Amino acid sequence: MFDPADFELIDWDDEEDVRGNLAHCLRHEVDERVVAGVLGGAPVEISLQAVTAEFVVIGPDGEWAQLWTLLFARSYKDSRWLRPVTGWRSKSREIKEWERASGKRWKGLR
Amino acid sequence: MGAGKWETVEGFEMTDDARALERRLRKTAGSGENGVLEGSGRPVSPKSFGQMLSVRLDASLIGALRDLAQARGIGVSDVVRVALLGAVEDAGQRHVEASLRTYVSSGWPMPTITFRAGDGFVARSGGGEAGTGSDYASVSFLT
């Protein structure tokens, strides 16, 4: 179960590391601001079928324009660091689950 | 996949295994529709995180940064933060914040940008002295 209090920092690899988490996430339009927006706004933890990520979090970006689904792992460098693994624009069923859990109605992009 | 799994593995092997796991996870997550388990969602407390930025630098640049940091009695990270604040300010960004962790005890004048109170810390603008009450200074500027 994801508890933000367990973590201190977001762990990104060098952007020039093409196999690193930052380069991968940028290819999916997930950057540092998206991660900050999702974790700092109205995050909801969900479970996905057939995906064994440690943490899957849905939330709006900082402008509340787009809901994002982000996968995280506890960093192998330091257990208090949180590593973004991948992410995407939330799909319709994920948006519904965010609405159900948060009690909010999503008015942004779908 | 808890952190403990990696504690008995050393060096490169640990890193390679962890990154391979991440790549497999990305492949699984990207292989079509991953149905959300209905009813699994639960709100979590929002939190603002610092973010680790990794940058490859030449040894000569790192050496120069270290010399500068030692001369000022501050950390290399704060030297980098101040330089980046200046670069962003020059580019006309409207609002940026940074936590300078070593300036408070260094006695070195704070950089000439607009300071804002935060976490019990009071700072002055225009290169004023750092205040007390926290182990770091929260710095921001508005243009």
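Predicted model: local features only at pLDDT ≥ 70, side-chain atom pairs only at ≥ 80, totals over all residues.
**Partners of S5(A)**
- S4(A) and S5(A) pair in the antiparallel sense over seven bridges, and the two form a hairpin with six residues between them.
- Within this pairing, Leu70(A) has Gly87(A) as its bridge partner, while Leu71(A) has Thr86(A).
- Strand S1 of chain A (residues 9-11) runs parallel to S5(A), joined to it by two bridges.
- Leu9(A) has Trp81(A) as its bridge partner in S5(A).

**The sheet as a whole**
- Seven strands make up an open sheet with mixed pairing, in the order S1(B)-S2(A)-S3(A)-S4(A)-S5(A)-S1(A)-S2(B).
- Its edge strands come from chain B: S1 (42-43) and S2 (50-52) each pair on one side only.
- Helix H3(A) packs on the sheet, where it touches S2, S3 and S4 of chain A as well as S1 of chain B. The direction of H3(A) makes about 125° with that of S2(A).

**The largest nonpolar core**
- This core has 32 residues, of which Ala53(A), Val57(A), Leu70(A) and Phe72(A) touch the most other members.
- Several elements of chain A each supply at least two residues of the core, including helix H1 (21-27), helix H2 (32-40) and strand S3 (55-60).
- S4(A) gives the most to the core, with six residues.
- Leaving aside residues up to four places away in sequence, Leu70(A) touches Val30(A), Val35(A), Val38(A), Val57(A), Pro84(A) and Gly87(A).

Note on methods: Residues numbered from 1 in each chain as written. Chains lettered and ligands numbered in written order. Core = buried A, V, L, I, M, F, W, Y, C linked by C-beta atoms within 7 Å. Buried ≥ 20, exposed ≤ 12 C-beta atoms within 10 Å, placed from the backbone. Helix = DSSP H or I, 4+ residues; strand = E, 2+ residues; numbered from the N terminus. Contact = placed C-beta atoms within 7 Å. Pairing = 2+ DSSP bridges. Axes fitted to C-alpha atoms, helices over the stretch in contact; angles between N-to-C directions.
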